[in-house]
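Me: I'd like a close look at one part of this model. Keep it brisk, please.

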Amino acid sequence: MASTSLLCLGLGFLILFHACFAQIAEGTDATREQRQQQQRFQTQCNIQDLNALEPQQRVESEAGVTEFWDQNDEQLQCANVAVFRHRIQQRGLVVPSYTNTPALFYVVQGRGIHGAVFPGCPETYQESQQRSSESQSRSPDQHQKVRQIREGDLVALPTGSANWIYNDGPSELVVVALVDVGNSDNQLDQFLRKFYLGGNPQPQLQGYSQSQGSRYQGSQGGEGGDRSRRGGNLFRGFDERLLSEAFNVNPDLISKLQRPQMQKGIIFRVEEELRVLSPQRGREQEQEQEFQGSGDNGIEETICTMKLKHNINDASGADAYNPRGGRVTTVNRFNLPILRYIQLSAEKGNLYQNAMMAPHWNLNAHSVVYITRGNGRMQIVAENGENVFDGQIREGQLIVVPQGFAVVKRASNRGLEWISFKTNDVAMTSQLAGRASVIRGLPLDVIQNSFQVSRDEAQRLKYNRQELTVFTPGPRSQQLVSA
């Protein structure tokens, strides 16, 4: 009897211990996540005036162009991000590189292949000996997973992951990328740094040199000054003999690694078709759809198998849709779980002719808006009620909407499409008008007395617009667009 009581008492303590430990672990995870959000670099956002931004620097490579927006612009400084764009020609390969912060890139047009390498993950794409023997000149290959990318794909890149892009399509491949230099993963300064494993990158392509031009201008002349302005891939700085020993290869091969015999740049043309192991494009998309339906159970999904991309252009996945106005789709930590770790999300908007997106503000994130097609009018209003931007914005331009600033977009006769990168993995908005607006949630008496209007006017403010997020063009649409 005594032994039974002791056994019951022991089991009770064991259950209590496990419950307490689970709560502590859960609390620790929540605290760690909260601390990561708090550790994001804070910058001053003394914004008096905003402008639609064009790329300020253009660097040409053999098979493409890379364009940078000025990271010293007060808008990008406020959001603590850097933005660049690759234009990759047919059979163009962007050599492997990594950054000291996480990033998101969006495929504006074209199609291609993307690879990302994660340390410690297995080479799950393997070629059989039988297949390789069919071509006597080739040895069998194996490598980490590669992904087919196409227009509308949003791709997440964790900090420090080496990645590359290849254009295997019939037309130019265009990708625009946001690098979150304010992320807590960044242990360096608040400037973009890109570390290239291959190619002959010019200093401008490596980020830090273009942001710190004054440092180079102030350097002393002579060999030291010249060295500070030179670009090169990561292997160039190592001693040739040490690398030869590390790779267990001839020093002549290391010399080719450090100083490729090709013109400067980071986008090179592949003479013959690039050969990588990859499922057929259609089959890979089927696997993605199956994966999306299975959900994330948090157990078997590791960084090695985690999904990196999501097609945000798919109309069937829209979060808000108006058949006469357009649609808005969001991607966050819930439908692309890796965003939880890089603390970013995105929104894709598509407004039809003269349609409007409800005026709103971002509760917990800055929004970096890149126009992918068409043009339209935007207004952005600061906390003092002054509009800091009121103008036309068109394809290829960029503008930052700081956290809390109110914004409204209206499409022109050509329509308006954009991708917004947001500096929070669960970015939220609050609308000023429409069925889901803050005005709709206020009592009529509060509206009446806050704005000193009649009850009938308060009722019209609250209920006249029944649409949710995307508004159908009204009779005054044309004159508002051209105003």
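What does Phe68 count as, buried or exposed, and at what relative accessibility?

Reply: This is a predicted model, so local features need pLDDT of at least 70, side-chain atom pairs count only at pLDDT 80 or more, and totals for chains, interfaces and linings use all residues. Residues are numbered from 1 along each chain as its sequence is written, and side-chain values use heavy atoms, without hydrogens and water.

Phe68 counts as buried, at 2% relative accessibility. Buried means under 20% relative accessible area, exposed over 50%, partly exposed in between (1.4 Å probe, protein chains only).

Now the strands. Helices (H or I, at least four residues) and strands (E, at least two) are DSSP runs, numbered from the N terminus. Strands β2 (residues 64-68) and β3 (residues 82-88) pair antiparallel over five bridges; pairing takes at least two DSSP bridges. Phe68 stands opposite Phe84 in β3. Both strands belong to an open sheet of seven, in the order β1-β2-β3-β12-β5-β10-β15. β1 (57-61) and β15 (309-311) are at the edges, each with a single partner strand, so one side of each has no neighbour in the sheet.

Next, the rings. The structure holds four aromatic pairs. Phe, Tyr and Trp rings (six-membered ring for Trp) pair with centres within 6.5 Å; planes under 30 degrees apart are stacked, over 60 edge-to-face, the rest tilted. Phe68 and Phe84 form a tilted pair, 5.9 Å centre to centre with 45° between the planes. Phe68 is in β2 and Phe84 in β3, so the pair ties together parts 16 residues apart in sequence. Phe84 is also buried, at 6%.
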